[in-house]
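Me: I am new to this structure. Please take a close look at the aromatic rings and walk me through how they pair.

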Amino acid sequence: MRAGSPRMLREINDRAAIEVLLREGPLTRAELELAIGLSKPATAQLLTRLELDDLVVKAGVRGGGRGPRAQLWAANGGLAFVAAVDLTPHVADFVVADVAGVVLAEYRTPLPVHAGADVVGTFGEALQKVAEEAGIQREDLAHVVIGAQGAFDPRTGLLSSAPHIPGWLGFDVPQKLSDELGVDVLIENDVNLVAVEEMTAGKAQDVDDFVMVWLSEGVGGAVVIGRRLLRGATGGGGEIDWMRVPDPATVDTGEVRPAAGARFGNLVDSPAICRLAAAHGIEAETAWAAVEKAGKGHPFLDDLANRVAGGVANLVAVADPQLVLLCGDTSRAGGEDFAALVQEKLHELVLPRTPVGCASVQGNAVRAGALQSALATTREDVFGVVTPTLLGSRRPEGDSTRPRLQ
């Protein structure tokens, strides 16, 4: 096929139209014509062609105005289905959607994660239940993406840094689930998926390089360079809890302060923040409760911001990102006021004037990011639409000993 041939131009226009419909939802012919820059006859021919190929469907009409009601067109969501899961030690949060992104069912249930538990069987039962609620069978799912609190090594399929879900350790997670459940299962670090959602619908939509810092029960991070997640050689990119950071707290918490610096996770996880708060006279069971109790201007928040900034400074010094985003329960409790305080402390430690803000995506951002990742992979398979920022969860192409899941 020659470059610039009519066939190639049709394929380019068809793909552009589908991308717009997936992004914007149902549109009239006139709206689609404006979005992709084709003439009225060319857009009409394009829609006829895509309808014959079952790639687009009529989706009702748009009324209003004095003229006739206009036919709406949408990408055919019924061509494939996906599931996304936020897996935590306490509960698994499932969602099923069609390939157009329409949510069909949601389901939350505790799953056993202890060592020796039948994690594959119980996960499969929950996946079957939510699939049935969506009106399909588990085997109808094209892709399932799981967000988990740990580092995933794509070379081996193993999870690490996840002592809180021991039943999921020690085996090739995506391969075993894919083989035994009959669906294509991928797994990804939870904070990486929050970054994916922030790139899709949040403050990082137009940002090429940024880092995320998750402050909640534990500590996590994600690094995005050139709109791609930095995973590292073993999947440990962004595991910032292992950084060594001196403790700048101004009060004595009774803990040893190693000369080489403490582990960052031991300074800003929930128990550590509660101990810091107690040293300032604030009693709370969780870090986010302590932050809420403190209120603006409390010296406890000043000490906490110093601790967070000490870790963030390492990331900024290496990656020089355009933006730092704080997320997780503790960050949400502090809000933009706490983010501004971290920014102030950060700028005392590094030369770049990197802005610091709170992640803007509401709801379960881990599950939302997992859904975006599943949709990106499935849309590439079904429509040929590639979303580079959301790809990369599949096994490396060059690893012949670990076949790429199809």
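Reply: A residue is called buried when its relative accessible area is under 20%. Keep that cut-off in mind. The model is predicted.

Start with phenylalanine 123. Its relative accessibility is 0%, so phenylalanine 123 counts as buried. Its ring and that of tryptophan 168 have centres 5.8 Å apart. Their planes stand at 85°, and an angle over 60 degrees counts as edge-to-face, so this pair is edge-to-face. The two partners come from distant parts of the chain, 45 residues apart. Phenylalanine 123 lies in helix α4, and tryptophan 168 lies in the loop between β9 (158–160) and α5 (173–181). Tryptophan 168 is buried too, because its relative accessibility is 1%.

Now the count. There are 3 aromatic pairs in the structure. Another of them joins phenylalanine 94 to phenylalanine 123. Here the centres are 5.5 Å apart and the planes make 40°, a tilted pair. Phenylalanine 94 has 0% relative accessibility, so it counts as buried.

Phe94, Tyr107, Phe123 and Trp168 are linked by ring pairs into a cluster.

Rings also meet charges. The charged end of lysine 176 sits over the ring of phenylalanine 171, 5.0 Å from the ring centre. Arginine 263 places its charged end over the ring of tryptophan 242, 3.7 Å from the centre.

How values were computed: Residues are numbered from 1 along each chain as its sequence is written. This is a predicted model: local features need pLDDT of at least 70, side-chain atom pairs count only at pLDDT 80 or more; totals for chains, interfaces and linings use all residues. Side-chain values use heavy atoms; hydrogens and water are left out. Rings of Phe, Tyr and Trp (its six-membered ring) pair if their centres lie within 6.5 Å; planes under 30 degrees apart count as stacked, over 60 as edge-to-face and the rest as tilted. Buried means under 20% relative accessible area, exposed over 50%, partly exposed in between (1.4 Å probe, protein chains only). Helices (H or I, at least four residues) and strands (E, at least two) are DSSP runs, numbered from the N terminus. A charge sits over a ring if NZ of Lys or CZ of Arg is within 6 Å of the ring centre and within 35 degrees of the ring normal.
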